[in-house]
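Please find below my notes on the model.

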Amino acid sequence: MTSIQKCGVIGVGFVGATSAFTLSTSGLFSEVVLVDMNRKKAEGEAADINHGISFAKPCFVRAGDYGDLAECGLVVIAAGANQKPGETRIELLGRNRVIMSSIIEHLMAVNQSAVLLIVSNPVDVLTYMAQKMSGLPAGQVIGSGTVLDTARLKYLVGQHLNVDSRNVHAFIIGEHGDSELAVWSSANISGVDLADYCRITGKDDSFGAMQRIYENVRDAAYSIIEGKGATYYGIGMAVRRIAEAIVRDEHSVLPVSSMISGHYGVDGICLGLPAVVGRNGAESVLDIPLSQDELFQLQSSAQKMKELIDELGD
């Protein structure tokens, strides 16, 4: 029997290790198991977190193998190959499909009840693969989707308007990548339409200002990677937020990636769309209002995902 107080993390590179840290110190779990091909690294990460756990809530972090994930109610998959110089995106995806296939095969042999949270990139395609390979119900296999992108949007809008980002209500949806889009048509500040808020406060809400914010969100990872080589703190916090919604059965609305069936005329792929997230994963996908232009952009993003999957021969 699985326990929602036990969590597994597969892959402890930058993103996996940071996620392990945020999850272990969240107070959500009594035990976190780290699985990695490099057992020594998993042991080192576990020891490093355990040495500071007295500053947080009690949680035992340990290195393990797939058999140790049998009782985990949530398993985070952060494993994947890095792109080699000169390697095409499709070649990288081919290698990551092999890695994901191996992970799912080993995991399904010991645990078919856990919610799977895919964090490896490209997250939408790998979430699709994980769901197809596992055969689990669609909502039980989710990806981090555009949860981090949406947090970036809220932060930048908050900075632009000089308002608490927690009071910014807006979404980035679609692919976690270059074809994602901002849903400006329903954006608001604590219920006040974005355009009205800007008019009241004298802030610039021109197309140019909003486009710059969107582009900074879309290109954020490139900028961070240029500066420090990788992104991991933001996604680590996003993983914790998604885990909270699952463990506490919050039924929170988060733009996770999950299998889409008929929403916005899209079918049979995984994309980041607002979904009600609870104990069972993505329990329902919401069709939030979109302008005609936003709908076109979303369907274009979906088409890019379909073409990539078709190119892989899946």
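1. Pro-122 sits in the loop that runs between strand 5 (115–118) and helix 4 (123–134). The peptide bond between Asn-121 and Pro-122 is cis, with omega about -5°. Helices (H or I, at least four residues) and strands (E, at least two) are DSSP runs counted from the N terminus.

2. This is a predicted model, in which local features need pLDDT of at least 70 and side-chain atom pairs count only at pLDDT 80 or more, while totals for chains, interfaces and linings use all residues. Residues are numbered from 1 along each chain as its sequence is written, and side-chain values use heavy atoms, with hydrogens and water left out.

3. Asn-162, in the loop between helix 5 and strand 7 (168–169), has a positive phi of about 60°. Its relative accessibility is 67%, so Asn-162 counts as exposed. Asp-249, in the loop between helix 9 and strand 12 (252–254), has a positive phi of about 50°. Asp-249 counts as partly exposed because its relative accessibility is 34%. The classes are buried under 20% relative accessible area, exposed over 50% and partly exposed in between (1.4 Å probe, protein chains only). For background, most residues other than glycine have a negative phi, and most peptide bonds are trans.

4. Helix 5 (residues 147–161) packs against helix 7 (residues 207–218) at an angle of about 140°, the axes being 9 Å apart. Axes are lines fitted to C-alpha atoms, for helices over the stretch in contact, and angles run from 0 to 180 degrees between N-to-C directions. The helix 5 side of the contact includes Asp-149, Arg-152 and Leu-153, and the helix 7 side includes Ala-209, Met-210 and Ile-213. Contact means heavy atoms within 4.5 Å.

5. The largest nonpolar core has 84 residues, of which Phe-29 and Leu-116 touch the most other members. Helix 9 (residues 233–247) gives the largest share, eight residues. Domain 1 (3–143) and domain 2 (146–312) both contribute, so this core lies between them. The domain bounds come from an automatic or database assignment. A nonpolar core is a set of buried Ala, Val, Leu, Ile, Met, Phe, Trp, Tyr and Cys residues joined through side-chain atoms within 4.5 Å.

6. Leaving aside residues up to four places away in sequence, Leu-116 touches Val-75, Ile-104, Leu-107, Met-108, Leu-136, Gln-140, Val-141 and Ile-142.
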